[in-house]
Every structure is written in structure tokens, then in C-alpha cells.
Amino acid sequence: MRTITGLDELRSAEGDVLGPSDWHEVTQDDIDTFADVTGDHQWIHVDPERARTTPFGGTVAHGYYTLSLAPRFSQQIMQLDGFAFALNYGLNRVHFPAPLPVGSRVRMTATLAALEDIPGGAQFTLEMTFEREGGDKPVCVAESLARVYTG
């Protein structure tokens, strides 16, 4: 994990690949729980028998489930110190280029793509690429915006 302390270190990290997270196994229990929380019970996610007949050969994770792993993975990749607080500011773009089959392992690599000063701190763009172990394309690519404040 990389620790970034203060605005100067954050500025100097612009353009850096901050590293991959640990691998995380996608389980049917997790997908079913996500479906319950979001109300998205589309069968491709929650019906393993029916999903076996698809080209995926089984259920696949919701795209938003994959994206929801970003906070877990981000905490494994980097720690911000020397700030009063940090906030999620939103997303610029999100794409799901490939499915994430249940039973797969997924991880995220983050790059600090851009940084701009804002009153009281800075806003940074984190390019997040989620990959499935053994996959040939990312399962999710997103740009996340966060703001850090110094006081």
C-alpha cells in the first residue's frame, strides 16, 4: 500500500500507477446479497441453473457490484494522510467491457491520473481498472473523482 502524506506528495504522485489491490473472489452469496440490497434480481446474476445456458456458462456479477468494490480496493492500494478529510466527488465515466463470472477473482489497479487545486484542497482523478484473473479484457474501467481538504 502506498501512503500519500499531504498535498505536495499528492501532487508529486500525479501520473503514478499506485498499484494493484489484492485479489477478491466473487461468490454467489455476495451477488445474491447485492441483488437483495439493490433490488436487481435479473436472472443472469441470481439464477445459476438458467445462467448455465448462456455463453457465460453461469451467473455473472452485476456491473455495479464490480464498481462497488472500488472503496475496498482503494483502501488496499493507497492511504491518504495529512488531510482534514476526503470525499468521494463522483465519476466521470464507467464502462464494463467484459463480464465477471461468479467464482472469478477480481482486483483493481489505480492510477492517479490528474490533480487540480480547489479552494481548501485538491481534486484528483483516479483511473480504476478492474481485471478478472485470467481474463483478456478489463471487467470495469472507471474514472473516480475525490476531493481532499487540508483544513
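Trainee: Which residue in strand 8 is the bridge partner of Asn88?

Mentor: This is a predicted model, in which local features need pLDDT of at least 70 and side-chain atom pairs count only at pLDDT 80 or more, while totals for chains, interfaces and linings use all residues. Residues are numbered from 1 along each chain as its sequence is written, and side-chain values use heavy atoms, with hydrogens and water left out. Helices (H or I, at least four residues) and strands (E, at least two) are DSSP runs numbered from the N terminus, and two strands pair if DSSP finds at least two bridges between them. Within strand 8, the residue bridged to Asn88 is Ala146.

Trainee: In what sense do strand 5 and strand 8 pair, and over how many bridges?

Mentor: Strand 5 covers residues 85-95, and strand 8 covers residues 138-149. Their pairing is antiparallel, and the count is 9 bridges.

Trainee: How many of the residues of strand 8 are buried?

Mentor: Buried means under 20% relative accessible area, exposed means over 50%, and partly exposed lies in between, with a 1.4 Å probe and protein chains only. In the protein, buried residues make up 42% of the 151 residues. Strand 8 is mostly covered, and of its 12 residues the number buried is 11.

Trainee: Which element gives the most residues to the lining of the largest pocket?

Mentor: On a 1 Å grid over the protein atoms alone, a pocket is an open set of points with protein on both sides within 12 Å along at least five of seven lines, and lining residues have an atom within 4 Å of a point. The largest pocket has 19 lining residues, and Pro71, Ser74, Asn88, Ser144 and Ala146 lie nearest its centre. Helix 6, strand 4, strand 5, strand 7 and strand 8 each supply at least two residues of that lining. The element that gives the most, with 5 residues, is strand 5.

Trainee: What is the volume of the largest pocket?

Mentor: Grid points are joined across faces, edges and corners, and a volume is the space filled by probe spheres set on the points. Computed in this way, the volume of the largest pocket is about 490 Å³.

Trainee: How many residues of this lining are nonpolar, polar and charged?

Mentor: Ala, Val, Leu, Ile, Met, Phe, Trp, Tyr, Cys and Pro count as nonpolar, Asp, Glu, Lys and Arg as charged, and the others, Gly among them, as polar. For the lining of the largest pocket, the division is 12 nonpolar, 6 polar and 1 charged.

Trainee: Which residues touch the most other members of the largest nonpolar core?

Mentor: A nonpolar core is a set of buried Ala, Val, Leu, Ile, Met, Phe, Trp, Tyr and Cys residues joined through side-chain atoms within 4.5 Å. Among the elements that give two or more residues to this core are helix 1, helix 6, strand 6 and strand 7. The core has 34 residues, and those touching the most other members are Leu10, Val106, Met108, Phe124, Leu126, Met128 and Phe130.

Trainee: Is Met108 buried or exposed?

Mentor: Met108 is found in strand 6 and, with contact meaning heavy atoms within 4.5 Å, touches residues including Gly19, Phe73, Ser74 and Met128. Met108 and Gly19 are 89 residues apart in sequence, yet 8.4 Å apart in space, C-alpha to C-alpha. Because its relative accessible area is 0%, Met108 is classed as buried.

Trainee: Why is Phe85 called partly exposed?

Mentor: Phe85 is found in strand 5 and touches Arg147, Val148, Tyr149 and Gly151, not counting residues up to four places away in sequence. Phe85 is called partly exposed because its relative accessible area is 40%.

Trainee: Where does His62 lie, and what is its relative accessible area?

Mentor: His62 lies in the loop between helix 4 and helix 5, and touches, among others, Ile31, Phe34 and His45. His62 is buried, and its relative accessible area is 3%.

Key
On a 1 Å grid over the protein atoms alone, a cavity is a set of points where a 1.4 Å probe fits but cannot get out, and a pocket is an open set with protein on both sides within 12 Å along at least five of seven lines; lining residues have an atom within 4 Å of a point.
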